[in-house]
Amino acid sequence: MSMLFEPSSIGSLELPNRLIRSATAERMSDLDGRPEEPLAELYSELARGGIGLIITGHAFVHEGGRCHLRMTGIHRDDLMPALEMLTRAVHDENGLVVMQLNHGGRECASEAIPGLPVAPSPVPSSKGKERPQELNEDGIKDILGAFGDAAGRAQAAGFDGVQIHAAHGYLISQFNSPAANRRRDRWGSTPARRMGFLEEAAVSVRDRVGDQYPVLIKLGMEDYVRDGLTLKESVEIVRHLADWGIDALEISGGMGGTSVRKDVLRVEDEAYFLDAARQAREATDLPIILVGGMRSKQVMESILEEGSADFISMSRPLIRQPDLATRLREGQERSSCISCNRCWPPPGEYGIACRDPDREK
Ligand SMILES: Cc1cc2nc3c(=O)[nH]c(=O)nc-3n(C[C@H](O)[C@H](O)[C@H](O)COP(=O)(O)O)c2cc1C
């Protein structure tokens, strides 16, 4: 049997196969962040389609950390019934679901948050973007506590684990990045201090959920911007993850859209974070999940066989074919996703969908 369909575990969580749906912001929650019925239906469909584990789209842990409208919230207790609807939908189909926890920091759209966006330093992410407000010590403590509280809510709502979002230029990745973090206090100026925010967030989460609950991380291994986080520095972060209570590491990279590379059409373009996974493998015994342009069974299997990753995760291919895991098991060799990045709706439209005009019906 292909290794892709062998069971394996992440901490106390037993997955039936090695295929994971990577976090994908669905934009299917209401304007308070409350998930709506179509999101539960999407998760049912993914679970029915044979994926070993679903990771939800990023959910905001604090009202000042909402990245965009219609993002799912996990920042308030009154969202619990709607969150429970999601876990029920997955469990009714014998699936597993982990909630991704996020704070957008300087990437938050102004219409999505009450005040100014916050960040480690008042550095906009790109020209023309709003200048964020530098977080003070109280603000930092507040957000660290919010990560723990959100993890507690996810656990109580029946999620099978949580994933801390430490990639793609959001708040934790901003603290990790020398390009975004110019602080001179205990939270910046050296690699050890910059990763202190992630450490405290992980500890806040672990303290809240107890020893046995699965806590994953999605880590940006390299920023690909001037003065950004380098692979050498992120490998140092990887060395600490097990001590901070993390159970599995998903490898990603890039600030913003650079994590979602276009036109992955040839085998050589696939697995675009494989080098980072190989280096992380040298630095940790934690299970490694690899995302980024995973498209063909041949590439996925060779990576599992070489041992650079233990699980394969995908986002866009599962927008196109939610039952891709079953299709691969039954003989399809490759995802039909062409990585055209037409997964996002035009402004004003609802949800995510494959909008490749040539998509087979
Ligand atoms: C529509 C869309 C929404 C995404 N939302 C998230 C998200 O909420 N959290 C996250 O960590 N990554 C998010 N990503 C990135 C994916 O998880 C993944 O890392 C990236 O798309 C590369 O994998 P792929 O080639 O399988 O699509 C998103 C990607 C897409 C296309």
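This is a predicted model: local features need pLDDT of at least 70, side-chain atom pairs count only at pLDDT 80 or more; totals for chains, interfaces and linings use all residues.
An oxygen atom of the ligand is 3.1 Å from an N or O atom in the side chain of His165, a polar contact in the sense used here (a pair of N or O atoms within 3.5 Å). Residues are numbered from 1 along each chain as its sequence is written, and side-chain values use heavy atoms, with hydrogens and water left out.

**Around the ligand**

- The ligand is surrounded by 24 residues (a heavy atom within 4 Å), and the closest are Ala23, Ala25, Gln100, Gly293 and Arg316.
- A polar backbone atom of Ala23 lies 2.7 Å from an oxygen atom of the ligand, and a polar side-chain atom of Ser22 is 3.3 Å from a ligand oxygen.
- By class, this shell holds 10 nonpolar, 11 polar and three charged residues; Ala, Val, Leu, Ile, Met, Phe, Trp, Tyr, Cys and Pro count as nonpolar, Asp, Glu, Lys and Arg as charged, and the others, Gly among them, as polar.

**The largest pocket**

- The ligand sits in the largest pocket (more than half of its atoms lie within 2 Å of the grid points).
- A pocket here is an open set of points on a 1 Å grid over the protein atoms alone, with protein on both sides within 12 Å along at least five of seven lines, and lining residues have an atom within 4 Å of a point.
- This pocket has a volume of about 690 Å³, the space filled by probe spheres set on the points.
- Its lining has 35 residues, and Ala23, His168, Ser259, Val260 and Trp344 are the closest to its centre.
- Strand S14 (311-314) and helix H10 (316-320) are the elements that give two or more residues to the lining, with the largest share, three residues, coming from H10 (DSSP runs of at least four residues for helices and at least two for strands).
- The lining divides into 15 nonpolar, 14 polar and six charged residues.

**The second largest pocket**

- The second largest pocket has a volume of about 290 Å³.
- Of its 17 lining residues, Arg106, Pro124, Ser125, Ala179 and Val225 are the closest to the centre.
- Six nonpolar, five polar and six charged residues make up this lining.

**Cavities**

- The structure holds three cavities of 30 Å³ or more (sets of points where a 1.4 Å probe fits but cannot get out).
- The largest cavity contains about 80 Å³ of space.
- Its lining has 13 residues, with Arg316, Cys337, Cys340, Cys343 and Cys354 nearest its centre.

Methods: A polar contact is a pair of N or O atoms within 3.5 Å; within protein, one must be able to donate a hydrogen and the other to accept it, and residues adjacent in sequence count only if both atoms are side-chain atoms.
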